[in-house]
Amino acid sequence: MTPELMIRACTFYTGRLLKTHFHTWREIAIPPTNEDELLAEKMEAAIVYANFRLKKHVLHHWHSYVKNRKEQLRDALLRIQKMFHCYKMIVTLNKWRDRARHKFKKREDELMLKHELQLQKFSKLKFKTSSKEEYFFPEQFVSEGFLVGGTPEFDISQLPKRAILQIFSYLSLRDLVICGQVNRSWLLMTQMGSLWNGIDFSAVKNIITDKYIVSILQRWRLNVLRLNFRGCVLRLKTLRSVSFCKNLQELNVSDCPTLTDESMRYISESCPGVLYLNLSNTIITNRTMRLLPRYFYNLQNLSLAYCRKFTDKGLQYLNLGNGCHKLIYLDLSGCTQISVQGFRNIANSCSGIMHLTINDMPTLTDNCVKALVEKCHRISSVVLIGAPHISDSAFKALSGCDIKKIRFEGNKRITDACFKLIDKSYPNISHIYMVDCKGITDGSLKSLSPLKHLTVLNLANCVRIGDTGLKQFLDGPASTKIRELNLSNCIHLGDASMAKLSERCYNLNYLNLRNCEHLTDLGVEFIANIFSLVSVDLSGTDISNEGLMTLSRHRKLKELSVSECDKITDFGIQITDSAMEMLSAKCHYLHILDVSGCILLTDQMLENLEMGCRQLRILKMQYCRLISKEAAIRMSSIVQHQEYSASNPPLWFGYDSEGKSLREKQNTSLKNSELTAKESTYNNEEEAV
């Protein structure tokens, strides 16, 4: 026992004793508490807490009720304001329509007065020229002193060589050979070497023989630069004769069923300067693919469309020898045998591709496009028609290229997300063709509005596009540069966006709104204010004769289609000699005119056209019975192409040779037959009585 342990033991004992005595003293000194009072206090506290919870619950319900009531009152107020605004707009539009109709009638009267003055001026001019006998008929072009033996004394060989080449360059191979048989001077003209730089055998493939082809190639082998054998069925010996043309630059052997790897070997070994090669729809194999990089090392344009005999390994051969590193255009349409590895082989061999066409290829996927663009960063034009498995991921993969032209058709996986990528990744794009893409909505047009270089936009059959999206597109800088706009079958489009279209698209040349059934005459008034328009298609719309009259004032319009417009009646398209006289006085630059079925026209119409429309090239006059055959023959020597017949119009025209409606005649005949039947019945009854 140490002192420290003794001290600790005493301390512990003293503490225990003190604690025991303290508890005993506390029990004696402090009286016991009353349990009933403690329970009562707890109950009061519980009651207070329960009342608080109840008040909180009631307040919460009251707050929700007040909030819903305020929202209902706010919605009611908004509806009232909207109704008031609509009523105000209706009143404003009614006043504007009345004023516009008044101005339109005034402007129409002024225009008719102007037309009458011009018509009078034209009639006076025609009277003066007729009195002086200055009609420009073919028989009056040649004077009596200019004729020797009934034929003009003129030799075309006296023209400058450049003019002769320009004239004969428009002739086909068959016509060129026929011209060489006229006389010796014509033969010498057809033997100019420049005329044989390009030979098109496809136009005469059904009549020309292999022997003649070999003869031509042997004779003009040093001059030939371009050969076209498309669809020609040739023997191996004939195809070998192509090797005579050492300077050949362009060769088209597409659709040639007899083209083989052996014939391509002869051609490739002798024609190393080929820049353009079209092998589409032939039976070439990997052997030909091995020849391309070995001999055609300057090849720039290659078409392998619908060639299904070569494999991915054949595409790997493109990297052999000098390789096809100068290739800028590649067409792989219909080559469904190519896999992702095949596209990777193309990327390794032809990294300089700029224009890519892959149509009718249902096996094409996003991974194929990704494999191709890994090394082909110069792609600027992409055409993917008939590739249903391409999605927005392909657009994301193409973001590394400077795309300027893109064309898709019949794809349901492309959405508005791809157009957001176009806005961010393709700022220099100029042509967009997205036809029959059901996933495109108004949001896509909003994404395209910032594009500053867009000139052609084709969104035909994108049925989810409406006025809202078109307005958002027109608000951006893209609308000022657009030259061609195709929104056919966008059934939600109407008059609401046409005002902004006429205001912003002042450079628009071609507009297609076919089957936009909500477009009316009001929208046509805005379209007529786009003075740069050359062609307009409004077929299947809701326009009437008034809209047609509005378009008739457009000065630059050359092509107008209004088929299937049920509200356009016979009055809107009535054509007589007086109308054609006005046309001749106004449209001096008319090139094509079709008046078939206009049974009221006479020979006077041809005289007016001959005098006023001197640039007329094509004239169609089917079923014009009042136009004489002599006048038609005289007119045929002035225009380049003419169609004429004096027979009665067919039944599907809806009227007869006198202009009477067949339906009305049928109804009249039915009524007459009914009356005749009733009269006969009445007479029989009288006889019986």
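## About the model

This is a predicted model: local features need pLDDT of at least 70, side-chain atom pairs count only at pLDDT 80 or more, and totals for chains, interfaces and linings use all residues. Residues are numbered from 1 along each chain as its sequence is written, and side-chain values use heavy atoms, leaving out hydrogens and water.

Strands of a sheet pair through backbone hydrogen bonds, either parallel or antiparallel. Here, three strands form an open sheet in the order β18-β19-β20, with parallel pairing. The edge strands, β18 (592–594) and β20 (641–644), each pair on one side only. On average, neighbouring strands are turned by 5° against each other, direction ignored. Strands are DSSP E runs of at least two residues, helices are H or I runs of at least four, and both are numbered from the N terminus. Two strands pair if DSSP finds at least two bridges between them.

Three bridges join β18 to β19 (residues 618–621). Aspartate 594 stands opposite lysine 620 in β19. Helix α23 (residues 629–636) lies across β19 and β20. Its direction is about 165° to β20 (axes are lines fitted to C-alpha atoms, for helices over the stretch in contact, with angles from 0 to 180 degrees between N-to-C directions; contact means heavy atoms within 4.5 Å).

## Salt bridges

The structure holds seven salt bridges. Each is a side-chain nitrogen of Lys or Arg within 4 Å of a carboxyl oxygen of Asp or Glu. Arginine 265 pairs with glutamate 269, their closest N and O atoms 3.4 Å apart. Both lie in helix α8 (residues 261–270), four residues apart, about one turn of the helix. Glu262, Arg265, Glu269 and Arg287 are linked in a network of salt bridges.

Lysine 500 bridges to aspartate 475 at 3.2 Å, N to O. Lysine 500 lies in helix α18 (residues 498–504) and aspartate 475 in the loop between α16 (467–474) and α17 (478–481), so the pair ties together parts 25 residues apart in sequence. Lysine 438 and aspartate 436 also meet in a salt bridge, at 2.8 Å.

## A nonpolar patch

Which residues form a nonpolar patch on the surface? They are Met89, Leu93, Trp96 and Leu522, with about 380 Å² of accessible area together (Shrake-Rupley method, 1.4 Å probe; for residues, only the protein chains shown count as cover). Patch residues have over 30% relative accessible area and no salt bridge; nonpolar side chains are joined within 5 Å, like charges within 9 Å.

Helix α2 (residues 35–131) gives the largest share, three residues. Leucine 522 lies in helix α19 (residues 521–527). At 36% relative accessible area, leucine 522 is partly exposed (between buried, under 20%, and exposed, over 50%).

Conventions:
Buried means under 20% relative accessible area, exposed over 50%, partly exposed in between (1.4 Å probe, protein chains only).
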